[in-house]
Amino acid sequence: MATAISVRGLSKHFGEVRAVDGLDLDIADGEFFSMLGPSGSGKTTVLRLIAGFEEPTAGRIMLGGEDVTRRPPFARDVNTVFQDYAIFPHLSVRQNVEYGLRVKKVPGAERRRRADEALATVRLEGYAERRPHQLSGGQRQRVALARALVNRPQVLLLDEPLGALDLKLRREMQIELKEIQRDVGITFVFVTHDQEEALTMSDRIAVFNEGRIEQLASPVELYERPASAFVAGFVGSSNLLEGDVARDLVGDPGPFVIRPEKLQLLAEDPHLPGGIAAAGVVREVVYLGASTMSVVELDAGPTVTVSHQNSDTSIDAAVERRDQRVVVSWRRDHLVSLGSPDPAASPEEETA
Amino acid sequence: MGRPSSTSMAMSRGLRRSLAGFTAVVLAVVYIPLLLVLVNSFNSDNTFGWPPPRFTLHWWKVAAESTGAREALFTSIQVALVATAIALVLGTLAAMGLRRTRFFGRNVVSLLIILPIALPGIVTGLAFQNGFRTILGIQLSIWTIVIAHATFCIVTVFNNVQARFQRLGTNLEQASMDLGAGRWTTFRLVTFPMLRSALLAGGLLSFGLSFDEIVVTTFTASPQDQTLPIWILQNLFRPNQAPIVNVVAAVLVLASAVPIYLAQRLSGSTAEGLTGAR
């Protein structure tokens with residue numbers, strides 16, 4: 001597949017701060033690519049560098065094979081959906097959407113047709129003559145999207161576009177955005193700090209931390225095989241086993257991580273082949289609606305979180321376990337090794 | 001956010017009454033003398049004896065025929081218009097220049113631009129007279145008044161535009177460039193429309209400042225170029241001109257109310273439009 005964006009050795013320093021630090025990245029044509037990370041991890045800076053709002057300290061940015069590193073924003077075939085939408089308050093919805101075509105001197109009739117088309121794509125037919133201050137947050141978000149899509153850019157950059165919406169609307173927009181992306185076939189580069197959002201929408205996700213990519217993988221791979229403790233902790237929640245505890249339980253100092261839903265709470269050790277069991281005491285039981293989370297203090301030392309689906313109508317059984325002795329059991333191959341401190345030792349495939 | 005209303009709820013009846021009383025007194029102190037000027041312009045007694053024996057339109061007729069007053073008015077308008085035009089261009093450019101770059105000494109430059117409005121007029125006036133006549137060897141004229149006025153008129157425009165820039169941020173302009181508009185197109189289609197009401201407010205203030213300036217004008221005007229305030233000052237103590245001065249003053253009071261009213265209306269409505277859009 002052709003490459004839409006190619007970034008080599010990209011750095012952006014603000015004084016002493018290395019917002020982006022020697023980044024290499026390739027984003028394929030038509031891909032829904034997410035950049036995920038906590039605030040200050042550099043993901044938004046990368047987006048602004050690609051858009052041309054920042055000049056890199058070092059490195060190159062290629063768009064569709066062309067070097068655009070030194071080009072101003074208006075000479076790059078990318079469009080941005082801004083976090084606060086940045087809708088022109090003095091223009092109507094139609095004038096906002098037509099803006100990109102107007103400055104490119106597209107004739108009036110075509111401009112009108114394409115604006116109507118873009119407004120239909122985001123389901124805002126009939127809103128063309130409204131003023132921005134007459135719209136709700138979700139509608140403004142759609143205007144911002146239509147205003148960018150109408151230009152049919154090679155790449156659409158989205159800077160936490162759903163951040164200001166409430167949860168329900170956000171979920172709806174996530175699915176809708178994904179559909180729009182599939183329909184128009186434009187490469188989407190999506191910045192978010194919401195791991196669930198990234199997992200829901202993306203083909204691939206780059207997890208950012210301190211100006212670098214910690215891991216770049218598909219959502220499934222990212223969740224099932226986190227490459228570092230940071231990724232394991234940032235994407236979903238996880239239990240960490242390391243050092244002597246890991247040696248006692250697993251027979252290897254690790255470190256290992258395991259997801260809460262991969263652990264089982266049992267009354268006694270089931271002695272499963274390829275299984276591991278550890279005894280402990282339930283300290284806390286939290287009811288979360290769809291699932292229940294139990295916090296278990298293992299006799300071996302660490303505290304682990306166990307999650308299980310509430311497929312029964314009653315969770316009394318789980319709640320009654322508080323302060324009871326239990327056995328936490330899991331399959332050996334659900335453990336994810338984060339690589340041994342000793343480079344000679346091989347990862348989890350051998351122990352599994 | 002409910003705080004302002006809760007304080008007014010908490011205000012006691014007595015406090016509210018005494019505040020109303022204070023307000024009435026302050027307004028009376030300001031506006032009764034102005035009203036007096038207006039009434040006296042119709043006073044038939046040319047020494048303004050009180051109460052007026054009769055009312056007459058005579059002084060208004062005399063004033064309308066006074067070439068001195070008319071020429072002075074015309075000069076003042078000319079000076080204020082040109083000084084404001086210069087201030088609008090230079091003030092906006094200065095605010096834009098200081099906004100985009102973050103260079104060493106930025107605050108110093110900003111201070112230097114604002115300073116002329118705080119300097120005593122007599123100092124600025126003397127300095128300009130020296131500068132024009134001794135150093136540059138230029139004859140004083142209407143243009144020397146314009147230049148001197150522009151130095152403090154710039155400040156009102158600069159301040160208004162800078163405040164607007166601060167409130168707007170750079171996002172809208174970035175969005176414009178992102179959509180393919182170059183720098184000039186972005187200024188024309190986005191920046192300027194967003195600045196319009198700030199420019200109007202700054203321009204009106206600047207016009208007002210220039211129009212009633214007297215100290216700096218005294219030092220930078222040639223004897224032939226009389227602005228209205230200087231004409232008033234010179235004719236105030238001539239017994240047969242005093243009634244005309246009164247009429248001119250009355251006209252000025254009425255005329256200055258109009259732009260202030262307009263400015264208030266405009267800034268109110270655009271502020272609403274802008275905050276609604278955010």
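In the predicted model, the interface between the two chains involves 21 residues of chain A, which are in contact with 18 residues of chain B. Two elements of chain A, β6 (78-81) and α2 (93-103), each give two or more residues to the side that touches chain B. The largest share, three residues, comes from α2(A). By residue class, this side of chain A divides into 13 nonpolar residues, six polar residues and two charged residues.

The secondary structure of chain A consists of eleven helices and 18 strands. Along its principal axes, the C-alpha trace of the chain spans about 75 × 50 × 35 Å. Chain A has 352 residues, of which 40% count as buried. Among contacts in chain A with a separation of 6 or more, 62% are between residues 24 or more positions apart.

Chain A is divided into two domains, with domain 1 covering residues 3-226 and domain 2 covering residues 239-351. The C-alpha centres of domain 1 and domain 2 of chain A lie 39 Å apart.

The average pLDDT of chain A is 84, and 93% of the residues score at least 70. Within chain A, confidence is highest in α2(A), at a mean of 94, and lowest in helix α11 (residues 348-351), at 37. The pLDDT is below 50 over residues 341-352 of chain A, a stretch that has eleven contacts in the model beyond near neighbours in sequence. Helix α2(A), with the highest confidence in chain A, is also the element that gives the largest share of the side touching chain B.

An open sheet of five strands in chain A has the order β13-β17-β14-β15-β16, with antiparallel pairing. Its edge strands are β13 (264-266) and β16 (303-309) of chain A, each of which pairs on one side only. From one strand to the next, the twist averages 45°. At one end of this order, strand β15 (residues 291-298) of chain A runs antiparallel to β16(A) and is joined to it by seven bridges. One of the residues bridged to β16(A) is E297(A), whose partner there is T303(A). In a regular strand, side chains alternate between the two faces of the sheet.

A further antiparallel pair is formed by strand β9 (residues 204-209) and strand β10 (residues 212-217) of chain A, which are joined by five bridges. In this pair, N209(A) stands opposite R212(A) of β10(A). The hairpin of β9(A) and β10(A) has two residues between the strands. Within this hairpin, E210(A) takes a positive phi near 50°.

The surroundings of one arginine were examined individually. R142(A) lies in helix α4 (residues 137-149) of chain A. This residue counts as buried because 25 C-beta neighbours lie inside 10 Å, where the criterion for burial is 20 or more. Leaving aside neighbours within four places in sequence, R142(A) is in contact with V122(A) and L124(A). The C-alpha atoms of R142(A) and L124(A) are 7.5 Å apart in space, and the two residues are 18 residues apart in sequence.

Definitions and conventions. Residues numbered from 1 in each chain as written. Chains lettered and ligands numbered in written order. Predicted model: local features only at pLDDT ≥ 70, side-chain atom pairs only at ≥ 80, totals over all residues. Contact = placed C-beta atoms within 7 Å. Helix = DSSP H or I, 4+ residues; strand = E, 2+ residues; numbered from the N terminus. Nonpolar A, V, L, I, M, F, W, Y, C, P; charged D, E, K, R; others polar. Buried ≥ 20, exposed ≤ 12 C-beta atoms within 10 Å, placed from the backbone. pLDDT = per-residue confidence, 0-100. Domains from an automatic or database assignment. Pairing = 2+ DSSP bridges. Axes fitted to C-alpha atoms, helices over the stretch in contact; angles between N-to-C directions.
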